[in-house]
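Hi,

Here is the structure I promised to pass on to you. Have a look at it first, and then read on for my notes.

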Amino acid sequence: MSRQRAYSRMKENNEMRHLATSKSAKLGALLVGMLCSSAALAAVTTEIGQVEGTAQSGMTVYLGIPFAAPPVGDLRWRPPQPAAKWTGVKTATAFAPACTGGGSPSGIRSQGAAKGKGPAPAPAKGKAKQGGGPPGGPSSEDCLYLNVWTPAKSAGDRLPVMVWIYGGGFVGGSTAGALTTGERLATKGVIVVSVAYRVGPLGYLAHPGLSAESKDHVSGNYGVLDLIAGLQWVKKNIAAFGGDPGKVTIFGESAGGIAVSMLCASPLAKGLFHGAISESGGSFGPPSLPALPGENMLLMKDAERLGQEFAAKAGAASVADLRKLSAAEVVAAAAGGEGITWPVIDGHVLPDDQYKMYEAKRFNDTPILVGYNSDEGLSFGVPPTPDAYRQATHQRYGPYADRLLAAYPTDPDKVSKTARDLTRDAAFGWATWSWARLQAKNGKGKAFLYYFDQHPDYPADSPQAGRGSAHGSEIPYVFQHLNANATEADKAISEAMAVYWTNFAKKGDPNGPGVPAWTAYNDRDPESMYFSQTARVGPVPSLTSMKVLDEYFTWRRTAEGLKFGTSGQR
């Protein structure tokens with residue numbers, strides 16, 4: 001229950017993102033309606049059939065293009081299969097349903113919720129909707145579709161391509177979110193594509209019976225394979241939409257950013273993209289049991305065992321029985337379960353601990369642009385009292401707890417932002433910083449690091465005093481979906497981020513006319529781009545504290561640390 005509460009808090013914060021009100025959602029829905037009511041254009045021919053989109057303000061939009069066969073029936077819990085060819089012209093004017101989700105995200109809980117020892121975070125004010133898609137939107141197992149926003153005037157334009165991967169803790173999310181439609185970002189001279197992928201137990205269940213079916217003797221990671229299939233579609237077809245298949249950048253937030261880092265490590269994704277952007281993502285922690293923020297990954301043997309426990313709970317004696325369950329029954333059986341809703345280290349799609357892979361130079365080497373937000377801990381809950389914070393820190397970090405409490409102290413009478421920053425850095429900051437360091441050290445592509453801290457200045461007597469930028473609050477800035485209450489500083493930050501992101505897609509470097517210079521990361525002079533009222537370069541935030549956390553993660557990879565982290569006792 002405590003993990004679910006923490007996830008509810010995350011969902012609430014995501015739904016209340018700064019400057020992302022219901023008004024903007026209504027405007028997004030109105031925009032989609034306008035797009036879909038526009039005059040249809042000449043059909044574009046893909047490898048499996050022709051599609052017809054709609055035009056609006058110089059943009060052509062194609063919604064709901066199938067890139068793989070529906071993963072239903074016997075195709076449930078199998079790698080994505082080719083979509084069936086069709087004759088005639090398919091109308092691509094409406095978003096497809098979101099992928100059926102549900103379950104609890106792996107490791108999404110506060111420190112105080114670990115193993116049920118210590119107080120749980122306060123429940124969120126609103127109950128989070130479980131499953132994929134925007135609030136109230138439809139979901140289905142038949143969900144492997146993508147969308148294209150293109151400003152190209154002809155197939156010969158060869159525009160750079162940005163492929164968006166949504167977040168949602170690997171248990172939800174959708175390509176149809178009003179804040180992530182691509183029509184505004186695409187005006188910067190890029191094509192925006194958003195790709196769906198399976199989530200929850202339908203996307204990540206590992207089980208010995210499923211592994212036995214596989215020619216690669218693995219299971220799970222079906223959602224990651226969906227993303228690879230989507231990128232293969234882009235490589236084969238985007239030229240027909242005016243895009244350059246040799247200039248593809250993947251970008252995502254939260255679970256989408258984590259997926260970006262996994263694609264950077266997966267040998268199956270080699271050559272499918274040429275740049276990577278992660279917003280509050282990265283998967284560089286060692287395996288852990290149970291999963292914790294920043295230590296979310298399971299080994300295959302543990303994932304298969306937990307999959308067997310799930311099957312027993314669902315009353316399924318075989319894989320065939322599992323496939324007979326309805327999607328609702330699968331989701332219901334996953335409630336409160338461990339290890340069945342997150343990608344796993346399978347030795348095939350994800351060969352090993354990603355940190356070790358980067359150290360060994362076994363990764364897809366492209367330029368990267370990565371960052372995180374100043375108050376990520378707001379979205380994931382923290383223990384309610386200083387004593388509970390100290391107790392939870394000792395429970396999770398063992399011999400490193402006292403040093404981390406000194407590095408991330410709390411006020412005597414309340415859990416302060418410095419304490420929330422331990423959650424921020426354990427879940428996102430350390431992984432992002434480590435990613436930039438490893439890329440700069442072991443790759444040819446440059447690494448660019450950022451820190452998003454754009455938020456209102458709350459009065460000292462306000463309950464929100466001391467708050468920074470919560471998880472996901474950068475999204476409307478990147479996609480330029482600010483609402484009517486945006487300040488001039490908000491608009492300037494949004495414009496700078498959109499320019500930097502699209503510059504990076506065009507040439508693997510965010511720099512260009514009209515924006516402040518952004519230096520590539522290097523360990524000799526570690527700097528980050530700050531988005532805080534203005535865009536400016538500054539020192540990496542909380543670097544001294546993160547170095548203590550780095551020592552903890554280094555220890556976790558020793559024999560002693562691995563035993564501590566996979567004992568199941570935290």
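**Salt bridges across the chain**

R570 and E295 form a salt bridge, with their closest N and O atoms 3.0 Å apart. R570 belongs to the segment after α17 (559–565) and E295 to the loop between β12 (275–279) and α7, so this pair ties together parts that are 275 residues apart in sequence. R570 is buried, with a relative accessible area of 2%, and E295 is buried too, at 0% relative accessibility. Please keep in mind that this is a predicted model.

A search of the whole structure finds 23 salt bridges. Another of them joins R198 to D226, where the closest N and O atoms are 2.8 Å apart. Because R198 sits in the loop between β10 (191–195) and α3, while D226 is in helix α5 (residues 222–237), the pair ties together parts that are 28 residues apart in sequence. R198 counts as buried at 4% relative accessibility, and D226 counts as buried at 0%.

R323 also forms a salt bridge, with E213 as its partner and 2.9 Å between the closest N and O atoms. This pair links distant parts of the chain, R323 being in helix α8 (residues 319–324) and E213 in helix α4 (residues 208–213), 110 residues apart. R323 is buried, with a relative accessible area of 13%, whereas E213 counts as partly exposed at 35% relative accessibility. The two also belong to a network of salt bridges that links D74, R78, E213 and R323.

Which side chain of opposite charge is nearest to D509, and how far away is it? It is K446, at 4.2 Å. A salt bridge needs a side-chain nitrogen within 4 Å of a carboxyl oxygen, and D509 has none, although D509 is buried. D509 is placed in the loop between α15 (488–507) and β15 (527–532). Leaving aside residues up to four places away in sequence, D509 touches K446, F448, N503 and F504.

**The chain as a whole**

The protein chain has 17 helices and 16 strands. Of its 570 residues, 63% count as buried. The protein chain exposes about 20500 Å², and carbon and sulfur atoms supply 54% of that area. Among the contacts in the protein chain with a separation of 6 or more, 78% are between residues 24 or more positions apart.

In soluble globular proteins, nonpolar side chains tend to be buried together. Here, the largest nonpolar core has 136 residues, and the members that touch the most other members are V148, V193, L263, W501, F531 and L549. Helix α13 (residues 417–442) gives the most to this core, with 11 residues. Apart from it lies another core, of 17 residues, including V319, L325, A333 and A334.

Not counting residues up to four places away in sequence, V193 touches L146, N147, V148, V161, M162, V163, W164, V234 and I238. L63 and V193 are 130 residues apart in sequence, and their C-alpha atoms are 9.7 Å apart in space. L63 is found in strand β4 (residues 59–66) and is buried, with a relative accessible area of 2%.

**Helix α9**

Which residues of helix α9 (residues 327–334) are buried? They are A327, V330, A333 and A334. Seen down the axis of α9, these buried residues fall within an arc of 130°, so they line one face of the helix. The general rule behind such a pattern is that an α-helix has 3.6 residues a turn, so residues three or four places apart point the same way.

The face of α9 turned away from the buried side carries the exposed residues A328 and A332. On the buried side, the residues of α9 pack against α3 (201–204) and α7 (300–314). Just after α9, G336 takes a positive phi of about 75°.

Methods. Residues numbered from 1 in each chain as written. Predicted model: local features only at pLDDT ≥ 70, side-chain atom pairs only at ≥ 80, totals over all residues. Heavy atoms only, no water. Helix = DSSP H or I, 4+ residues; strand = E, 2+ residues; numbered from the N terminus. Buried < 20%, exposed > 50% of the residue type's maximum accessible area, 1.4 Å probe, protein only. Lys, Arg positive; Asp, Glu negative; His and termini not counted. Contact = heavy atoms within 4.5 Å. Areas by Shrake-Rupley, 256 points an atom, 1.4 Å probe, with all protein chains shown as cover. Core = buried A, V, L, I, M, F, W, Y, C linked by side-chain atoms within 4.5 Å. Arc of directions from axis to C-beta.
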